[in-house]
Amino acid sequence: MTLGWKYSRPIKDRLLTLEEPGKPLKFDAERGLVDEVMAQCDIKVLVESLKGKSEKEAEQALMNFGKRLMELTIELADTKYMDRTGEMLEIVAKQTGISFPHRFERYVELATLASRPTDRWNIAKATTKELVFQVSSCSLNKAMAEAGLTSPCKAMCLASFDAAAAKTGDKLNMEMTKTLAKDGICEFTFSLQP
Amino acid sequence: MCDWCEKYGDGYERWYFNPANYARRLYKIRREEAESSGAETNPQAAGGMAVIGPDFQEARDQGDLEKMQEIKQKAEAASWLTHFGQVITLEEALKIADMIYPIGLMTCSCRRSMQGYPSEENFTCMGMGPGMYKWERWPDTYRGGMHYLTPDEAKEVITKMNKRGLVQTVFTFGTPYLAGLCNCDYPDCAFIRTTVDFGIKLLWKGHYVAKIDPELCTGCASCVSRCQFKALNYSPSKNMAYIDQFQCFGCGLCVTECDQGAISLVERAKLPALANVW
């Protein structure tokens with residue numbers, strides 16, 4: 001089965017052209033998304049609520065928060081705050097039949113921006129088989145350390161990633177390959193299951 | 001090893017096999033003020049093709065070598081920061097197509113500006129990576145539109161272009177971010193022209209050099225017209241093709257053309273005289 005592409009010619013039935021030339025398009029995350037997510041999923045409130053909880057209770061609370069954060073982000077990002085990057089990403093996934101890594105990455109990025117807008121993070125690898133997400137400055141980690149809490153905050157991140165993968169339908173292996181405490185960055189590696 | 005492999009290879013055999021050089025965030029928080037969307041935000045317009053102007057030609061006509069050198073250095077420095085390319089082999093291009101997503105087939109801005117090709121006859125360029133989701137931001141660069149390809153489809157398209165005699169290259173868009181997998185030839189490609197005709201290195205040589213086996217060459221000369229870098233010639237007295245290895249960019253187009261298997265690629269690094277000729 002070949003694409004049937006003729007040298008230098010466009011493939012007519014797959015060609016995307018400007019839908020409304022001249023119309024400004026919004027490719028970035030909306031400030032409103034950040035405001036709404038932060039109002040409902042506030043890191044400071046979460047950290048406050050963890051005080052006095054046992055390790056197990058705190059871990060569960062972090063997981064619940066992560067799941068709620070991602071579900072809220074997805075709900076808002078796919079409706080009220082849908083952006084052109086997200087729309088194009090879905091068009092491309094439909095045209096190629098490939099979902100990973102960018103549909104999943106979109107939710108991970110938006111949830112991070114919306115809940116911790118001042119954090120420093122990076123996408124270190126994004127292939128069709130593997131995605132590597134690194135966080136070098138994390139406001140949750142910092143707030144927990146300042147409050148003297150030692151519960152593993154990765155529970156929040158991992159629960160949020162699970163919720164994102166559930167939404168995109170990508171079957172992923174998720175691994176925390178580096179930690180802020182030990183390596184100076186948190187690194188999460190997501191690989192597509194064979 | 002080229003400068004870019006040393007700086008951005010991070011343990012990979014070549015810097016363009018390092019996935020980090022293709023990975024970028026999809027998002028930032030939108031600024032309140034109007035976003036700039038013009039040429040000043042587009043590395044392709046800001047660097048590369050716009051780095052030399054008529055002043056270079058004037059200096060050349062006047063034989064002002066000092067001025068030429070000054071313009072050349074400025075042009076190269078600007079280009080290497082924003083938008084420059086390196087030649088790769090077909091095999092390397094196919095490996096990249098398997099690794100990076102998404103890949104979009106688009107019109108070539110060089111062929112548009114150099115030869116005036118209409119969009120419907122100019123789908124020979126490929127963009128790759130997360131920036132491809134935002135192609136509508138630069139409608140002029142992506143004139144004619146865009147269609148996306150699966151890795152297998154991209155490999156089919158690249159192979160077809162190689163067969164037609166186009167050289168595979170990778171291009172940065174804000175070095176070291178690699179986002180262009182181009183299919184170039186002379187004189188259409190602005191980068192090949194600037195590099196070969198003016199000696200301004202906007203396109204780096206690849207990691208290989210072609211070599212002819214005189215025992216196998218029949219002198220058919222079919223390889224000569226495939227060379228886009230003026231490195232291959234035919235010697236009527238010897239009835240044989242010969243290669244100026246200092247001029248060879250290591251694309252391998254001559255290799256795929258030779259039915260006799262008389263041409264092969266050798267690693268530049270293994271040839272002491274050429275190891276640092278980029």
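Of the contacts in chain A between residues at least 6 apart in sequence, 68% join residues at least 24 apart, a contact being two residues whose C-beta atoms, placed from the backbone, lie within 7 Å. The model is predicted, with local features needing pLDDT of at least 70, side-chain atom pairs counting only at pLDDT 80 or more, and totals for chains, interfaces and linings using all residues. Residues are numbered from 1 along each chain as its sequence is written, while chains are lettered from A and ligands numbered from 1 in the order in which they are written.

Chain A has eight helices and four strands, taken as DSSP runs numbered from the N terminus (helices: H or I, at least four residues; strands: E, at least two). The order from the N terminus goes α-α-α-α-α-β-β-α-α-β-α-β. Of the 194 residues in chain A, 35% are buried, that is, with 20 or more other C-beta atoms within 10 Å of their own, again placed from the backbone.

Over in chain B there's an open sheet of seven strands with mixed pairing, ordered S4-S2-S3-S6-S5-S1-S7; strands pair if DSSP finds at least two bridges between them. Strands S4 (146–149) and S7 (203–204) of chain B sit at the edges, each pairing on one side only. Strands S2 (residues 103–106) and S3 (residues 125–128) of chain B run antiparallel and are joined by four bridges; B:Met106 has B:Cys125 in S3(B) as its bridge partner.

As for how the chains meet, 44 residues of chain A are in contact with 38 residues of chain B. On the chain A side, H4(A) gives the most, with seven residues.

Notes
A residue is buried if 20 or more other C-beta atoms lie within 10 Å of its own, exposed if 12 or fewer, and partly exposed in between; C-beta atoms are placed from the backbone.
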